[in-house]
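Visitor: Could you walk me through this structure slowly? I am new to reading models.

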Amino acid sequence: MVPVAHPRAWLAAGAVLGLAALPWAPCASGLSRSGLSLEEPDLAEALARAFPAADAFPRKVATWNEAERAKLAPRMRSREAPRLWSYREARRGGELLGRAVVGDVIGKTLPITWLVVLEPDNRVRAVEILHYRESHGGEVRREKWRAQFVGKQVGDPWKLGGDVRNIAGATLSCRALLDAVHDVALLAAEAFPSEARPAPARSNSGASPGASPGQRLDGAAPDAARAATVGPVEALARTQLVMGTLLELRAASSDRAAFDAACDAAFARVAELEARWSALRPGTEIAQLNAAEPGLWCPLGPSTMKLLRRARSIRHASGGAFTAEAGSLVELWRAAAREGREPSPAELEQARGAAAEGAIELDPAGLRARRLHPAARVDLGAIGKGAALDEVALLFRERGIRRALFDFGGQLRALEGPSEGRGWPVWVRDPRDGARGPLWELELERATLATSADDQRGLSSAGRALSHIVDPRSGRPASAHWTTCVLVSDDGAQEGRAGEQADAWSTALFVMERGACESAAKAQGFALLALDPDGTLWTSGTFPGRPCTP
């Protein structure tokens, strides 16, 4: 185990990000990040289903050094021994209810996205298949087959065809999932070796000499009732499921009452915005607009109109690489993927026309909008969570809480750092392979960091794995980059909207070529980190931090 000097937030660059995202569904269901993210599993919904009594799902990371990885390697089945291993705790107050791990494993040719739920003593509690992309072998999704894993731990037999029943015609998928679940149990046993029996409570304050494998790296308190030390003051944290993902609020503060009041106001404000902006929840402003007869004016609230106008401004500045009006493309690709095919040229042309400028008319003075194309759809998923983070930041500042960090499904917004002269430590994950460790490290302060990435959690069409991010200009999946990470400082943000600008631009740049990305970053005044398909890692502007050594 490599001791870590400071706790770090984990920016999951492989989390779902993109362009005109799938609409948010009511309550905990829906998209976990913005993007034309066509088949991304809903982690928030899965966690709530696995742990219905939990009130917090803090993100954690375990780490192993090279010597420890070498010992693990012969026992791993589905992947290399990781340097970093990300998981979620489920907590109710101060009580640990269990842990959950999400990952992908290749079945025959395409990735299967799974969720493994663990009891506090590391035994398997449940296995879910969040997304199965192969055309055959889908029997592994049956509850009776998945139930064979319940109660297993690393020391038990794990033999396909013996301890776990094989399924004729689905052997590759059965073996892949068996190996993946085995590796989760193995890593849990290594990370938490003493938790199958009573053990002294561990500190969440970061690593120390002699720390055991599984050291927590995120530092801040994992739930609404506990606190851990960060620097000279307490780090408080609360988490809530909203807009279909997890919103985690942290503050380096000793004033619990003020922090709780700010969190209550922030969660309520984000829920209010979801009730206006969700494209799936009946009766919202966006859902009503999308369902209205073409030509019929629909009323919009001031916040919705302002966001739509700012989204259009980014659309113009990006040359159409970003749009909040491409719901037609989302629906087309989802339907085609379900049928195992790609959209026809005629279907693409129709959907692109519905997403074209002019398909939806805005009347800012009258606070109303109407569809002029019968298939036109508004979708605020690629900008809405960033806009909500801006509202959260405003509410915290109004209540005098200056040192805070907000994590909304992988997008981070920081106020001042946890102590004077220090920002919030952050890692950006390498989306190519979890065993590689982090891609970049930096300290975040008075800025927003948003990342779009392609880590095989896309759609499958006609037997091919495609990117989960679609370029609205062509209507087809993007291929320009592996990752685009945009940092917008509070000082450089237009109208103080660092969150929504980072959210939207990280998705727009993902479909743009390098030269266009660099020009946009310079013109808009933000910093950019990108990883290209050939492995080239590059920056534009003054992107803080440094690459992580492998």
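Visitor: What should I know before I start?

Guide: This is a predicted model, in which local features need pLDDT of at least 70 and side-chain atom pairs count only at pLDDT 80 or more, while totals for chains, interfaces and linings use all residues. Residues are numbered from 1 along each chain as its sequence is written, and side-chain values use heavy atoms, with hydrogens and water left out.

Visitor: What does the chain average in pLDDT?

Guide: The average pLDDT (the predictor's confidence in each residue, from 0 to 100) is 79 for the chain, and 81% of the residues score at least 70. Helices here are DSSP runs of H or I with at least four residues and strands are runs of E with at least two, numbered from the N terminus.

Visitor: Which stretches have a pLDDT below 50?

Guide: Residues 1–41 are one such stretch, although they have 211 contacts in the model beyond near neighbours in sequence, where contact means heavy atoms within 4.5 Å. Residues 196–234 also have a pLDDT below 50, with 116 contacts counted in that way. Where pLDDT is low, the predicted coordinates should not be read in detail.

Visitor: Okay, new topic: what order do the strands of the open sheet have?

Guide: The five strands have the order 2-3-4-5-6 with antiparallel pairing, and two strands pair if DSSP finds at least two bridges between them. Strand 2 (59–63) and strand 6 (124–132) are the edge strands, each pairing on one side only. On average, neighbouring strands of this sheet are turned by 30° against each other, direction ignored.

Visitor: How many bridges join strand 4 and strand 5?

Guide: Strand 4 (residues 95–106) and strand 5 (residues 111–118) are joined by eight bridges in the antiparallel sense, and D104 has T113 in strand 5 as its bridge partner.

Visitor: And which strands does helix 4 touch?

Guide: Helix 4 (residues 171–191) packs on the sheet and touches strand 2, strand 3, strand 4, strand 5 and strand 6, its direction making about 40° with that of strand 5. Such angles run from 0 to 180 degrees between N-to-C directions, and axes are lines fitted to C-alpha atoms, for helices over the stretch in contact.

Visitor: Now the helices: how far apart are the axes of helix 5 and helix 10?

Guide: The axes of helix 5 (residues 256–277) and helix 10 are 9 Å apart, and the two helices pack at an angle of about 150°. That makes helix 5 roughly antiparallel to helix 10, given that angles under 35 degrees count as roughly parallel, over 145 as roughly antiparallel, 65 to 115 as roughly perpendicular and the rest as oblique.

Visitor: Which residues of helix 5 make that contact?

Guide: They are F259, A262, C263, A265, A266, R269, V270, L273 and W277, and they meet residues of helix 10 including G384, A387 and F396.

Visitor: What about helix 10 and helix 11?

Guide: The axes of helix 10 (residues 384–398) and helix 11 (residues 498–510) come within 6 Å and cross at roughly 160°, which makes helix 10 roughly antiparallel to helix 11. On the helix 11 side, the contact is made by A498, G499, E500 and D503.

Visitor: At what angle do helix 7 and helix 11 pack?

Guide: Helix 7 (residues 302–317) packs with helix 11 at an angle of about 45°, with the axes 11 Å apart, and that makes helix 7 oblique to helix 11.
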